[in-house]
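Trainee: Could we go through this model together, slowly, beginning with the overall fold and ending with a single residue?

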Amino acid sequence: MKSHDLLMLTAKAADDKRAEDILALNMEGLSAFADYFVICHGNSDKQVQAIAQEIKEQANKNDVEVKRLEGFDAAKWILIDLGDVIVHVFHKDERSYYNLEKLWGDAPLEDVREAFTV
């Protein structure tokens, strides 16, 4: 699966579980380990876990290896490594604290809105 297709699959899976403020950073040329970062958040521990679980299930259904999944039990910041796409699912309170959008401010935003209508 191409990295952009994986990005869209990930964005749709997050949206399906009502993730909020889904954004994608194009990391090509900025990172040697991923083409895209997806950042989103949920409003409760259960929602954060549901978002991560849906992303994992959709990856598995599409024969995409989940290389690493960390932070699931704590549900404050779950990192899902899908190879070319790294997903950060935050609890709402944690997202503003870590502020990855600012940390990776050099990365251009990738429009993923079309994934929400599919």
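Mentor: What follows is a set of questions and answers about this model, which is predicted.

Trainee: Which pattern do the helices and strands of the protein chain follow along the sequence?

Mentor: The protein chain has five helices and six strands. Read along the sequence, these elements come in the pattern α-β-β-α-β-β-β-α-α-β-α.

Trainee: What is the radius of gyration of the protein chain, and why does it count as being as compact as a globular protein of that length?

Mentor: The globule rule gives 13 Å for 118 residues, and the value for the protein chain is close to that, so the chain is as compact as a globular protein of that length. The radius of gyration itself is 13 Å.

Trainee: Is H41 buried or exposed?

Mentor: H41 lies in strand 2, which covers residues 36-42. A residue counts as buried when its relative accessible area is under 20%, and for H41 that area is 8%. Because 8% falls under that cut-off, H41 is buried.

Trainee: With the side chain of which residue does the side chain of H41 make a polar contact?

Mentor: Leaving aside residues up to four places away in sequence, H41 touches A19, E20, D21, I51, F90, H91, K92 and R95. A polar contact requires a pair of N or O atoms within 3.5 Å, and the side chain of H41 has such a contact at 3.1 Å. The partner is the side chain of R95.

How values were computed: Residues are numbered from 1 along each chain as its sequence is written. This is a predicted model: local features need pLDDT of at least 70, side-chain atom pairs count only at pLDDT 80 or more; totals for chains, interfaces and linings use all residues. Side-chain values use heavy atoms; hydrogens and water are left out. Helices (H or I, at least four residues) and strands (E, at least two) are DSSP runs, numbered from the N terminus. The radius of gyration is taken over C-alpha atoms; the globule rule is 2.2 Å times the number of residues to the power 0.38. Buried means under 20% relative accessible area, exposed over 50%, partly exposed in between (1.4 Å probe, protein chains only). A polar contact is a pair of N or O atoms within 3.5 Å; within protein, one must be able to donate a hydrogen and the other to accept it, and residues adjacent in sequence count only if both atoms are side-chain atoms. Contact means heavy atoms within 4.5 Å.
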